[in-house]
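Please read these notes with the sequence and the model open beside you.

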Amino acid sequence: MKTLLEFEKPIAELEDKLIEMRKLALENNVDVTAAVASLTDKILELKKETFSNLTRWQRVQLSRHPDRPYTFDYIEHLCEEFIEIHGDRNVGDDKAMVGGFGTIDGEMSVMFIGQQKGRNTKERQFRNFGMPNPEGYRKALRLMKMAEKFNKPIVCLIDTPGAFPGLEAEERGQGEAIARNIRDMFMLKVPVICVIIGEGASGGALGIAVGDRVLMMENTWYSVISPESCSSILWRSWNYKEQAAEALKLTANDMLANKLIDGIIPEPLGGAHLHPEEAAATLKEVLKKELAVLSALDPATRISQRIDKFGAMGEVIE
């Protein structure tokens, strides 16, 4: 049984009605071609109207949809071969941060790095709900350095509610690990593309989000804080999360308008969770196009442009 968000229910009701109509027509041998065509058009029109007028909070809900593709789902569709690499060579193997070499179209070898969530309670606990510990960020940096050594491009797929906020994570240097990643990613000599595929929360996202291109899937969000946490700070309650989402301006359109990202990757109508293969195919074409452009530049130019891009995002006034 698929999970439905509140704004998806009217569409689902019409789709159920369409299925029932076809079933009854088949059982009673009745021609309902015209009625089916009319209802199909009505469903399509309602879908377009609904998804072209989503609020920021509804975009956040879509980004968290339990059926939405995660990092491994995209890798499966993008790569013919994928070899996962484990461990930070220091503490352990953080299951919330995954990565390895993958082959696109049988010829392009790419280092994929991303956060991985789980589909059920057991998987979510195993993946720590997609919230990496310091060793996760150190593993990510180790893989980036490995990609640089073998002159392979890097693709980071970002989907996290934030870095793990536990005491043990702070004791092992959570802030230092993220800061080191941000610093070192600026100087990587190979092309780096970062894509927000779900949630992009705070330093947990930024720890693998410094790249030559930073892109967002259409129904994702990217912010220094989640709407719920913002609401709890400002209003001492999570009940104002919708207002917080509006104030944060955290959607892909907002980020592009503020020149904080380089582009938006369109999703199938209704969201990536309805047609994951189509969403992955679109992502694949964008990655191939951007990697071709970036690979044509020399490392010094890429690094310079990367630094200038992020440097232009803010101003220091003394």
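Predicted model: local features only at pLDDT ≥ 70, side-chain atom pairs only at ≥ 80, totals over all residues.

1. Residues are numbered from 1 along each chain as its sequence is written, and side-chain values use heavy atoms, with hydrogens and water left out.

2. Helices and strands here are DSSP runs numbered from the N terminus, a helix being H or I with at least four residues and a strand being E with at least two. Eight of the eight residues of strand S2 are buried, so S2 is largely enclosed by the rest of the structure; buried means under 20% relative accessible area, exposed over 50%, and partly exposed in between, with a 1.4 Å probe and protein chains only. On one side of S2 the buried residues are Met97, Gly99, Phe101 and Thr103, and on the other they are Val98, Gly100, Gly102 and Ile104.

3. Two strands are said to pair if DSSP finds at least two bridges between them. Strand S1 (residues 81-84) runs antiparallel to S2 and is joined to S2 by four bridges, with Gly102 of S2 as the bridge partner of Phe82. S2 also pairs with S3 in the antiparallel sense, over eight bridges, and Met108 in S3 is the bridge partner of Ile104. Three residues lie between the strands in the hairpin of S2 and S3, where Asp105 takes a positive phi near 55 degrees.

4. A nonpolar core is a set of buried Ala, Val, Leu, Ile, Met, Phe, Trp, Tyr and Cys residues joined through side-chain atoms within 4.5 Å. The largest has 35 residues, of which Ile113, Met144, Ile154, Ile208 and Tyr222 touch the most other members. The elements that each supply at least two residues of this core include S2 (97-104), S3 (108-115) and helix H6 (134-149), and H6 gives the most, with six residues. A second, separate core of 22 residues includes Ile104, Ala272, Ala279 and Leu291.

5. Thr71 is found in helix H4 (residues 71-78) and is buried, with a relative accessible area of 1%. Leaving aside neighbours within four places in sequence, Thr71 is in contact (heavy atoms within 4.5 Å) with residues that include Val98, Gly114 and Leu157.

6. A pocket is found on a 1 Å grid over the protein atoms alone, as an open set of points where a 1.4 Å probe fits, with protein on both sides within 12 Å along at least five of seven lines; lining residues have an atom within 4 Å of a point. The largest pocket has a volume of about 280 Å³, a volume being the space filled by probe spheres set on the points. Of the 15 residues that line this pocket, Ser202, Leu206, Tyr222, Ser223 and Val224 are the closest to its centre. Its lining has 12 nonpolar, three polar and no charged residues, where Ala, Val, Leu, Ile, Met, Phe, Trp, Tyr, Cys and Pro count as nonpolar, Asp, Glu, Lys and Arg as charged, and the others, Gly among them, as polar.

7. The second largest pocket holds about 170 Å³ of space, and its lining has five nonpolar, four polar and five charged residues. Helix H1 gives the largest share of that lining, three residues.
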